[in-house]
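Visitor: Please show me the structure, and then let us talk about the spaces inside.

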Amino acid sequence: SKKKDTGGPVRVSQSPLRPFKLDQVDLVIMNPPFTSWDNMAKDYRNGLVRLFSDERPAYRDALYWKTSQQTFFLLLADSFLKNGGRFAAVLPLTTFTGRAFAPLLEFLLDNYTIRYVIVGLGRLSFSEETNLAEILVVADKKPPVEGSKFLLIGTLQRPEVWRDIDVQLMIDACRKGNSLEGLCVVEQYSQSALRPKNETLSGLLLRLIPEFRQALTSTEEIEKKTQVPFVKISKLVKERGLRTARWVLGGGWLECYAPEALFAFRSSSRAIRAVDRLIVQEDQGRFLVLTDKEVGGRVRLPKDRLVSALRRITHLSTFDVTDATDYCVYEPPQTLRDVIIRYYGAREGEQRWIRITKGGKDTLGPWHTLIPKGMCKVAVAGRLNLAAPGTRFVCCRSAEPFFLAGYGFMVVGFATPLHEKLFCLWLNSSFALLQLLEKATITGGTWVRLEQFRLKEISIPDFEGLSHERE
């Protein structure tokens with residue numbers, strides 16, 4: 001039988017398809033899809049990039065790295081809008097803070113006058129059944145005048161408890177630029193503050209919270225009064241050889257291999273997820289005996305096939321993880337093949353064993369080639385749940401190199417081991433945490449992501465400028 005064609009546009013009749021033309025409009029209201037780059041089909045996303053890049057050079061420049069689907073919809077809205085027209089859109093907060101959206105944000109701030117940005121302080125998302133942090137943006141298609149300002153509105157209650165009268169009162173408050181007790185906080189900011197090099201939307205959003213604003217003001221006053229010299233990490237990178245490297249070996253890439261069999265945890269308190277199966281039971285000198293927390297099986301691995309590793313920077317009792325890290329298999333022995341097959345089954349287990357030993361399509365290469373790339377002594381978390389009970393530190397350090405097997409940043413090039421310790425001590429302080437929060441990307445709920453270019457803007461004490469007594 002003839003194969004049914006399911007491709008092409010959706011059709012509701014058998015009539016031939018005919019092209020139609022849409023004129024430019026005065027208003028676009030949209031809640032576009034937020035599909036991430038990795039979740040879009042390769043041909044589809046590449047086709048969109050070509051389509052918009054060919055239409056206008058400005059669109060080409062706005063597309064960067066792993067942008068998400070709302071980017072294309074914003075550019076499409078721009079092409080439909082008349083000059084002087086207005087768009088109102090529901091967007092992920094990351095559209096105004098994430099590295100992949102920085103060129104798009106610059107395009108919007110250069111070509112649009114932002115009128116309102118609405119954020120949820122009662123709940124970060126406006127849509128139902130999502131934890132993704134969202135914003136409502138209203139902007140006019142005309143370049144901003146010098147000193148242009150916008151209103152940032154923080155709603156204080158969850159959307160599901162809003163009454164019609166509450167919504168009308170908040171609309172009136174926005175028009176007048178006034179806060180409304182119990183319903184919304186309204187502040188006016190310079191549009192330029194939204195640029196990636198300035199405060200950014202994350203920092204402005206947090207300033208709507210009185211306690212954060214007070215804490216930030218206190219730290220700024222202390223920094224002005226102290227005799228301790230401060231320097232931005234970016235200056236240390238530029239002038240003193242410090243290097244920060246983004247390292248992403250999270251669940252997606254690890255799943256290509258066999259994470260259940262490649263990591264061994266020092267204690268059961270560190271093996272907190274279902275994928276964390278192997279726990280160190282006994283140290284036999286040249287060998288470690290591991291036990292499976294699920295079924296109780298044992299496996300004996302030679303230490304010379306293992307390296308120190310951290311799967312995640314959580315559930316640590318101290319930021320100095322010297323002799324306290326977990327383990328990762330570096331050169332998988334043949335005995336590990338049996339463990340992998342037991343975990344994944346004969347067929348899939350054999351496929352994973354081939355990926356580990358030889359690499360292949362959709363992998364980062366043979367497993368042993370990844371280990372040297374991810375070794376460091378100082379690591380900064382790239383993504384954290386600030387409210388999770390295991391989140392105690394954002395930075396850790398070891399006297400000996402360890403493998404960072406997660407999403408974070410490796411920091412290398414310190415002048416002395418003492419500077420490594422001082423760096424970690426500072427990044428885990430309240431002073432640094434406020435700076436990190438101000439520059440972090442709020443992704444949803446209490447989850448935040450730290451971008452590499454934001455990390456470089458953090459100010460730390462200039463260790464080389466400290467006297468020995470101050471150190």
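Visitor: Which element gives the most to the lining of the largest cavity?
Guide: This is a predicted model, in which local features need pLDDT of at least 70 and side-chain atom pairs pLDDT 80 or more, while totals for chains, interfaces and linings use all residues. Residues are numbered from 1 along each chain as its sequence is written, and side-chain values use heavy atoms, without hydrogens or water. A cavity is a set of points on a 1 Å grid over the protein atoms alone where a 1.4 Å probe fits but cannot get out, and its lining residues have an atom within 4 Å of a point. Helices (DSSP runs of H or I, at least four residues) and strands (runs of E, at least two) are numbered from the N terminus, and the element that gives the most, with three residues, is α15.

Visitor: What is the volume of the largest cavity?
Guide: The search of the whole structure finds two cavities of 30 Å³ or more. A volume is the space filled by probe spheres set on the grid points, which are joined across faces, edges and corners. For the largest cavity this comes to about 130 Å³.

Visitor: Which residues lie nearest the centre of the largest cavity?
Guide: The lining of the largest cavity has 14 residues. Those nearest the centre are Leu384, Val394, Leu436, Val448 and Leu450.

Visitor: How many residues in the lining of the second largest cavity are nonpolar?
Guide: Nonpolar means Ala, Val, Leu, Ile, Met, Phe, Trp, Tyr, Cys and Pro; Asp, Glu, Lys and Arg are charged, and the others, Gly among them, polar. Phe96, Arg99 and Pro196 are among the lining residues of the second largest cavity. Two are polar, two are charged, and the number of nonpolar ones is six.

Key. 1 Å grid on protein atoms, 1.4 Å probe; cavity = no way out; pocket = protein on both sides within 12 Å on 5 of 7 lines; lining within 4 Å.
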